[in-house]
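The stops below are given in the order in which to select them.

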Amino acid sequence: MPSRRRHSYGGGASPATVSSSYSNSTFTDRFSPTTTTDKSSSIARWISKIFINCFTPPDTVTSKNFDDSEQTIRSRRSSTGSVQRHYGNGIANETEHPRFTFDEIYDATKNFSPSFRIGQGGFGTVYKVKLRDGTTVAVKRAKKSIHDDRQGKEFTSEIQTLAQVTHLSLVRYYGFLVHNDEKILIVEYVANGSLRDHLDCKEGKILDMATRLDIATDVAHAITYLHMYTQPPIIHRDIKSSNILLTENFRAKVADFGFARVAPDSESGATHVSTQVKGTAGYLDPEYLTTYQLTEKSDVYSFGVLLIELLSGRRPIELSRVHKERITIRWAIKNFTNGDTLSVLDPKLEQNPANNLALEKVLEMAFQCLAPHRGSRPTMKKCSEILWGIRKDYRELLNTSL
Ligand SMILES: Nc1ncnc2c1ncn2[C@@H]1O[C@H](COP(=O)(O)OP(=O)(O)OP(=O)(O)O)[C@@H](O)[C@H]1O
Ligand SMILES: [Mg+2]
């Protein structure tokens, strides 16, 4: 039996005080230290108290501050005066890269008819579109309230980030169009719904432990790539189960770079980015919430929450549960430290030696990811390596017990 580490989690303010409107919402400017009043700062601190009772003073490490405004997109109008395109790292006009046109998207969706709609999120509406060349793509159409500065920034942030990355476990970016007041993002279509849908069994099939381990490994690889193999490194900032899309073979692709930020370049000597608090309630790194200092370890924290969600099937915050079970990570940590690890296992999964071993090992790693101080959390690369080993042990045990 692996040793149990004790961390100082939980025990904070009553989750009953969490407003249900936060349970699935996205944090944006509401908690911006730069654009809102002291009141919102205190609200952010209050929320952090609710999630995790682990207040930590801001790091004394000096850092360069990276302002949101530096992330402005260079754009120019095409010769038609209405369409912009973005390919790779540059922006080109329609005649140079005639791959997508607004008219084509408009025709293919029959004027954005609800029959082509596959989802709705904070950014806008998502459509499944078959292009003239036969390619099926996902089209994200920004809400018309795009004059709202936040959404505009989110859009350009997503574009800038997506344009840089290519990885099998990241949703591929194809391009974007701006047409009058329309902003449209065209990305790879991932056919099998989100991880959250599958944990809820909306698709009718229970995800077995082997698949859950594959998904965790894919996500770990994708985030490792963002943190280590893009220059400058990218912090996703919104790792959560609805942003993990599954292929028909149940491999995971990480989506939604709307909140992504470029991490400080290690050569600059900076250790973190000072920024508005963004992300989704229940997944937010408490240290980021209290200090506004964003590092790759904030993604590690969110990944820890995601792992517990994968193992238990529960959402990070479930207000319909009895009081002590509402904050899933707190409940899981308590049961684990009390020696009742099996109670954390998703009741849809069978208890058997291989599943139990995976549960124990992944939980141990998840708790390290959830350490209150970012310095105690493993890197995503380390998480990938650990998961790789757990999956190997799991498969061996499964084969021997057949
Ligand atoms: N590339 C894609 N391929 C297939 N379906 C997608 C794709 N992107 C999004 N979807 C579907 O659209 C839904 C809404 O996605 P969207 O990213 O807009 O919002 P969300 O992730 O659910 O919430 P949030 O706005 O908080 O990120 C997803 O849950 C998924 O079902
Ligand atoms: Mg999303």
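Start with His 236, in the loop between strand 9 (234–235) and strand 10 (244–246). Helices (H or I, at least four residues) and strands (E, at least two) are DSSP runs, numbered from the N terminus. This is a predicted model, in which local features need pLDDT of at least 70 and side-chain atom pairs count only at pLDDT 80 or more, while totals for chains, interfaces and linings use all residues. Residues are numbered from 1 along each chain as its sequence is written, and chains are lettered from A and ligands numbered from 1 in the order in which they are written.

Is His 236 buried or exposed? His 236 counts as buried because it has 29 C-beta neighbours inside 10 Å. The cut-offs are 20 or more other C-beta atoms within 10 Å of the residue's own for buried, 12 or fewer for exposed, and partly exposed in between, with C-beta atoms placed from the backbone.

Next, select Val 219. Leaving aside neighbours within four places in sequence, Val 219 is in contact with Ser 169, Ile 244, Ala 252, Val 254, Phe 303 and Leu 306. Contact here requires C-beta atoms, placed from the backbone, within 7 Å.

Domain 1 (20–61 + 192–401) and domain 2 (71–188) each supply at least three residues to the core; the domain bounds come from an automatic or database domain assignment.

Now show helix 5 together with helix 7 (residues 296–312). Their axes come within 11 Å and cross at roughly 175°. The axes are lines fitted to C-alpha atoms, for helices over the stretch in contact, and angles run from 0 to 180 degrees between N-to-C directions. Helix 5 is therefore roughly antiparallel to helix 7, a label for angles over 145 degrees.

Which residues of helix 5 and helix 7 meet? From helix 5, select Arg 212, Ile 215, Ala 216, Val 219, Ala 220, Ile 223 and His 227; from helix 7, select Glu 296, Asp 299, Phe 303, Leu 306, Leu 307 and Leu 310. The residues of this contact divide into 9 nonpolar, 1 polar and 3 charged. Here Ala, Val, Leu, Ile, Met, Phe, Trp, Tyr, Cys and Pro count as nonpolar, Asp, Glu, Lys and Arg as charged, and the others, Gly among them, as polar.

Stay in helix 7 and pick Val 300. Val 300 counts as buried, with 25 C-beta neighbours inside 10 Å. Not counting residues up to four places away in sequence, Val 300 touches Cys 369, Arg 377, Pro 378, Met 380 and Cys 383. Arg 237, 63 residues away along the chain, has its C-alpha 9.7 Å from that of Val 300.

The last stops concern the backbone. Most residues other than glycine have a negative phi. Phe 250, in the loop between strand 10 and strand 11 (252–254), has a positive phi near 60°. Phe 250 counts as partly exposed, with 18 C-beta neighbours inside 10 Å. Lys 110 has a positive phi of about 50° and sits in the loop between helix 2 (102–108) and strand 4 (117–120). Lys 110 counts as exposed, with 10 C-beta neighbours inside 10 Å.

Notes: Two residues are in contact if their C-beta atoms, placed from the backbone, lie within 7 Å. Angles under 35 degrees count as roughly parallel, over 145 as roughly antiparallel, 65 to 115 as roughly perpendicular and the rest as oblique.
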